[in-house]
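Please look over the sequence and the structure shown below before reading on.

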Amino acid sequence: MFRTLLRLTGSREHLEDLAQDVFLRLYRALPNFRGEALVTTYLYRIMVNVAQDEWKRRRREAQSLVSISDEVSGWEDRLQHPGRNAEELMEEREFATLVDSQLQRLSGVERTVLVLYHQEERTYEQIALALGLPIGTVRTHLHRGRKKLREGIEAARSLGDRAAAGKEAAWKSSE
């Protein structure tokens, strides 16, 4: 649940409070639970609601979004593999940072669907139940989110390549 909330909100700030809010809402809602869906689906719906409330709170405070690749606990800690060299780890970390930043640029529903589908490995049906959307709408948001994410990554990479080429040219001309 912490991982899902972290991915949905993009920030470790208030993560424990958000998780506590999820459990409190689940506890209060259980008497009304009819058993028509899995409890996990119910829990995901509550997590999404808590994340949406957090997004609204941030917008009101006009704070910028923070990437989940913060300095406190970088991707290298989560994806540690003894067989990769430092360069591969650095490239992986840079790509993860890029994906995280582009993920934060998506709409809330697109980001939620992508996180639930790809990172939490939920089915279309589970996502549709959790979000209260038709399956076709979930697929549409997933498709659009993937497209926007891909385009954003490609655009950011091309800007990075041009900036690197400019720095290299400046360095060579100073020799």
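Predicted model: local features only at pLDDT ≥ 70, side-chain atom pairs only at ≥ 80, totals over all residues.

Residues are numbered from 1 along each chain as its sequence is written, and side-chain values use heavy atoms, with hydrogens and water left out. The chain holds 8 helices and 0 strands, where helices (H or I, at least four residues) and strands (E, at least two) are DSSP runs numbered from the N terminus.

**The chain overall**

- Of the 175 residues of the chain, 35% count as buried, buried being under 20% relative accessible area, exposed over 50% and partly exposed in between, with a 1.4 Å probe and protein chains only.
- Among the contacts with a separation of 6 or more, 67% are accounted for by residues 24 or more positions apart, a contact being heavy atoms within 4.5 Å.

**The nonpolar core**

- The largest nonpolar core has 32 residues, and those with the most contacts inside it are Leu-5 and Val-22; such a core is a set of buried Ala, Val, Leu, Ile, Met, Phe, Trp, Tyr and Cys residues joined through side-chain atoms within 4.5 Å.
- The elements giving two or more residues to this core are H1, H2 (15-29), H3 (39-61), H5 (86-104), H6, H7 (124-131) and H8 (135-173), and H3 gives the most, with 8 residues.
- Leaving aside its neighbours within four places in sequence, Leu-5 is in contact with Gly-10, Leu-15, Leu-18, Ala-19, Val-22, Met-47 and Val-50.

**Helix H1 and its end**

- Helix H1 is mostly covered, with 6 of its 8 residues buried, namely Thr-4, Leu-5, Leu-6, Arg-7, Leu-8 and Thr-9.
- Thr-9 has a relative accessible area of 0%, and a polar atom of its side chain lies 2.8 Å from the backbone oxygen of Leu-5.
- Leaving aside neighbours within four places in sequence, Thr-9 is in contact with Leu-18, Ala-51, Glu-54, Trp-55, Arg-58 and Gln-104.
- Just after H1, Gly-10 takes a positive phi of about 75 degrees.

- Helices H1 and H3 pack at an angle of about 35 degrees with their axes 10 Å apart, the axes being lines fitted to C-alpha atoms, for helices over the stretch in contact, and the angles running from 0 to 180 degrees between N-to-C directions.
- On the H1 side this contact is made by Thr-4, Leu-5, Leu-8 and Thr-9, and on the H3 side the residues include Tyr-44, Met-47, Trp-55 and Arg-58.
- The axes of H1 (residues 2-9) and H6 (residues 108-119) come within 9 Å and cross at roughly 145 degrees.
- Here Arg-3, Thr-4, Arg-7 and Leu-8 of H1 meet Arg-111, Thr-112, Val-115, Leu-116 and Gln-119 of H6.
- By class, the contact of H1 with H6 has 3 nonpolar, 3 polar and 3 charged residues, where Ala, Val, Leu, Ile, Met, Phe, Trp, Tyr, Cys and Pro count as nonpolar, Asp, Glu, Lys and Arg as charged, and the others, Gly among them, as polar.

**Asn-49 in H3**

- Asn-49 lies in helix H3 and is partly exposed, with a relative accessible area of 26%.
- Asn-49 and Arg-25 are 24 residues apart in sequence and 9.9 Å apart in space, C-alpha to C-alpha.

Terms used:
Polar contact = N/O pair within 3.5 Å; in protein donor to acceptor, adjacent residues only side chain to side chain.
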